[in-house]
Amino acid sequence: MTKKIDVELRNIQKRFGDNTVVENFNLQIEQGQCVSFLGPSGCGKTTTLNMIAGFLEPSQGEIWVKGKLMNGVPSNKRDLGMVFQTYSLFPHMTVEENVAYGLKLRKVPSKQIKERVGKILQVVKLPHLADRLPKQLSGGQRQRIAIARAMVTEPSVLLLDEPLSNLDAKLREELREEIKRLQQVMGVTTIFVTHDQEEAMYLSDQIVVLDHGKVEQIGTPWEIYNQPASEFVHQFIGKSNRISGVVQGTKPDEIELMTESGIKIVAQQRQFAYSSGQAVSIYIRPEKLKITPTDIEKREPQQSSDTNSMLAVVQYTSFLGSFTECIVEANGNLMNIRLDSTDPDMLLEAGSMVKLSWNQKDVYVFSAKES
Ligand code: ATP
């Protein structure tokens with residue numbers, strides 16, 4: 001069964017004077033989905049959200065919400081819930097009054113207001129704070145109340161603009177769990193703006209990766225991570241190790257590469273086509289590199305027939321609990337490797353020699369950027 005489309009952007013563009021800050025933005029969001037706009041500062045995330053919210057009009061294109069054209073419709077007539085980075089609670093009103101505000105505006109009978117506010121405060125697990133003023137709450141509690149206030153009117157769409165960015169790391173994690181739970185319990189179609197890739201992956205059904213006002217890729221977190229549409233997307237999502245190289249030859253499903261230091265790498269052909277002699281950037285993620293300690297005395301020199309492996313020297317390791325991060329130097333490249341922190345063989349000392357190896361399916365190749 002096909003789901004209803006709650007939000008649709010049709011070829012949206014936004015210009016400020018001569019400066020185009022959003023272009024050719026096309027998107028469909030299904031009912032109940034959470035979609036993140038992800039990208040570095042200035043890529044156009046907030047501008048796009050503000051167009052959906054009705055704070056800005058697009059220079060071109062159409063915005064549809066629940067089958068209605070929104071262009072020209074004032075913000076307060078768009079049936080949206082909004083939460084911003086800075087806490088936007090009314091300081092002189094109690095928590096209960098803050099949450100009730102939108103319902104009062106809609107002239108909901110007071111008995112119903114009491115019930116709905118009580119219920120949503122239960123959902124955000126803060127019913128005991130109903131009589132407090134915002135200044136008597138912690139940052140995390142204030143953001144939860146702001147979310148409750150946005151959700152209590154049961155909006156068609158919930159817009160969240162970096163709601164976690166003023167919170168410390170632990171609280172961010174707690175609150176993103178909370179938002180995920182609320183979003184699933186309430187089933188509200190949600191757009192989440194963030195520059196934090198982990199947050200976007202955690203919360204979203206679909207991620208829109210933006211760079212300089214252009215949509216680089218739209219996909220599930222799995223697709224964005226495993227099938228990046230561009231070098232920008234691959235680099236922006238998670239850590240990766242980059243090596244420069246040249247294409248030696250191509251087969252229908254393989255690319256043969258040579259690094260600047262003469263290491264042979266074979267990669268799987270993905271969606272891009274390559275030709276011999278082409279300069280490329282080669283990437284392998286830290287968790288895809290296997291490491292084998294090598295006895296420095298008995299070690300074999302690098303064999304010219306070796307592919308997808310290289311010798312390296314450990315620079316340092318950092319134990320991080322669930323994994324150990326290891327930095328090695330290989331032919332002038334510093335490489336980051338994620339090790340099993342419970343394996344005693346992986347307690348590697350600085351200066352020790354190791355062999356790195358990897359599978360060809362884990363190599364990503366992108367055409368080198370012209371500088
Ligand atoms: P951040 O993560 O820093 O909030 P963002 O991705 O949300 O960034 P936007 O705030 O959408 O980025 O800004 C996109 C671009 O549009 C930036 O280059 C910004 O300087 C520009 N911009 C935003 N608002 C205006 C405005 N009112 N007038 C002119 N330029 C603007």
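This report describes the overall build, the domains, the cores and the ligand surroundings of a predicted protein model.

**Overall build**

The protein has 371 residues, of which 34% count as buried. Its secondary structure comprises eight helices and 20 strands. Taken along the principal axes, the box filled by the C-alpha atoms is roughly 80 × 45 × 45 Å. Among contacts between residues at least 6 apart in sequence, 64% join residues at least 24 apart.

**Domains**

Two domains are assigned: domain 1 spans residues 5–235, and domain 2 spans residues 239–367. Their centres, taken over C-alpha atoms, are separated by 40 Å. Four residues from domain 1 and five residues from domain 2 take part in the contact between them. On the side of domain 1 that touches domain 2, one residue is nonpolar, two are polar and one is charged.

**Nonpolar cores**

The largest nonpolar core holds 62 residues. Within this core, the members that touch the most others are Val-99, Ile-147, Ala-148, Met-151, Leu-159 and Val-208. Helix α4, residues 139–151, gives the most to this core, with six residues. Another core, of 25 residues, lies apart from the largest one, and its members include Leu-257, Val-280, Ile-284 and Leu-356.

With its neighbours within four places in sequence left aside, Met-151 is in contact with Gly-81, Ile-120, Leu-158, Leu-182, Met-186 and Val-188.

**Ligand surroundings**

The residues around the ligand are Phe-16, Val-21, Gly-39, Ser-41, Gly-42, Cys-43, Gly-44, Lys-45, Thr-46, Thr-47 and His-195. By class, this shell divides into three nonpolar, seven polar and one charged residues. Helix α1 gives the most to the shell, with three residues.

| Helix | Residues | Note |
|---|---|---|
| α1 | 45–53 | gives three residues to the shell around the ligand |
| α3 | 110–123 | contains Ser-110 |

**An exposed position**

Ser-110 belongs to helix α3. Ser-110 counts as exposed because it has 10 C-beta neighbours inside 10 Å, and the cut-off for an exposed residue is 12 or fewer. Ala-100 lies 10 residues away from Ser-110 along the chain, and the C-alpha atoms of the two are separated by 9.3 Å.

Note on methods:
Residues are numbered from 1 along each chain as its sequence is written. This is a predicted model: local features need pLDDT of at least 70, side-chain atom pairs count only at pLDDT 80 or more; totals for chains, interfaces and linings use all residues. A nonpolar core is a set of buried Ala, Val, Leu, Ile, Met, Phe, Trp, Tyr and Cys residues joined through C-beta atoms within 7 Å. A residue is buried if 20 or more other C-beta atoms lie within 10 Å of its own, exposed if 12 or fewer, and partly exposed in between; C-beta atoms are placed from the backbone. Helices (H or I, at least four residues) and strands (E, at least two) are DSSP runs, numbered from the N terminus. Two residues are in contact if their C-beta atoms, placed from the backbone, lie within 7 Å. A residue is near a molecule or strand if its C-beta atom, placed from the backbone, lies within 6 Å of it. Ala, Val, Leu, Ile, Met, Phe, Trp, Tyr, Cys and Pro count as nonpolar, Asp, Glu, Lys and Arg as charged, and the others, Gly among them, as polar. Domain bounds come from an automatic or database domain assignment.
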